Amino acid sequence: MYKDKKITVDEALARLSSLCAGTEKCENELRAKLVQWGMEREQIETVLHRLVEEAFVDDTRYARCFVRDKFRYNKWGRLKIKQALLQKHIGNSQIEAGLHEIDDDEYEKVLKELLKVKNKTVKAADTYERRAKLMRFVVGRGFEPDLAMDCLRTMQLDES
């Protein structure tokens with residue numbers, strides 16, 4: 001799309017500031033877009049520096065929004081959220097700031113609700129197999145194994 005014509009720093013800045021005004025983006029996503037547009041390394045750094053300076057992009061703010069969305073809407077646990085943010089090259093301090101957005105009581109409540117709903121659909125020969133399937137499910141969602149095991153111990157499991 002942009003291969004025929006080189007994009008200027010000002011054009012890139014205008015496009016990305018407009019994009020960032022609509023949705024939260026991380027620096028790595030914007031860097032990939034600039035590379036895709038065929039910009040030189042120093043131009044990329046100039047554009048990103050301006051976007052950070054003008055507060056269009058902030059990885060800590062991005063991490064907080066990402067954590068809230070993935071927890072509330074996708075019901076992901078802390079481990080899966082952290083892994084997804086690491087893949088986006090978000091720093092550990094920014095990830096930790098984002099993860100502090102999750103209330104511990106709400107976190108445990110969501111975990112218990114996921115277990116309760118999944119328990120109704122799990123087919124298992126015995127309680128041991130049922131617990132194993134439920135553990136795999138919530139650990140796959142990114143919840144900590146110790147917390148999941150504690151919740152499973154306190155639950156009444158249906159032997160349907």
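1. The crossing of helices α5 and α6 is right-handed in this predicted model. Helix α5 covers residues 78-87 and helix α6 covers residues 92-99, and the two pack at an angle of about 145°, with 10 Å between their axes.

2. On the α5 side, the contact between these helices is made by R78, I81, K82, L85 and L86, while α6 contributes N92, I95, E96 and L99. Sorted by class, the residues of this α5 and α6 contact comprise five that are nonpolar, one that is polar and three that are charged.

3. As for aromatic pairs, a search of the whole structure returns three. One of them is formed by Y107 and F143, whose ring centres are 5.0 Å apart and whose planes make an angle of 40°. The pair is classed as tilted, because planes under 30 degrees apart would count as stacked and planes over 60 as edge-to-face.

4. The pair of Y107 and F143 links distant parts of the chain, the two residues being 36 residues apart. Y107 belongs to helix α7, which spans residues 104-121, whereas F143 sits in the loop between α8 (127-140) and α9 (145-154).

5. Which residues line the largest cavity? The lining consists of V67, R68, F71 and R72, together with E101, I102, D103 and E106.

6. Helix α4 (residues 59-72) supplies the largest share of the lining of the largest cavity, namely four residues.

Terms used:
Residues are numbered from 1 along each chain as its sequence is written. This is a predicted model: local features need pLDDT of at least 70, side-chain atom pairs count only at pLDDT 80 or more; totals for chains, interfaces and linings use all residues. Side-chain values use heavy atoms; hydrogens and water are left out. On a 1 Å grid over the protein atoms alone, a cavity is a set of points where a 1.4 Å probe fits but cannot get out, and a pocket is an open set with protein on both sides within 12 Å along at least five of seven lines; lining residues have an atom within 4 Å of a point. Axes are lines fitted to C-alpha atoms, for helices over the stretch in contact, and angles run from 0 to 180 degrees between N-to-C directions. A crossing is left-handed if the near helix is turned anticlockwise from the far one by less than a right angle, and right-handed if clockwise. Contact means heavy atoms within 4.5 Å. Ala, Val, Leu, Ile, Met, Phe, Trp, Tyr, Cys and Pro count as nonpolar, Asp, Glu, Lys and Arg as charged, and the others, Gly among them, as polar. Rings of Phe, Tyr and Trp (its six-membered ring) pair if their centres lie within 6.5 Å; planes under 30 degrees apart count as stacked, over 60 as edge-to-face and the rest as tilted.
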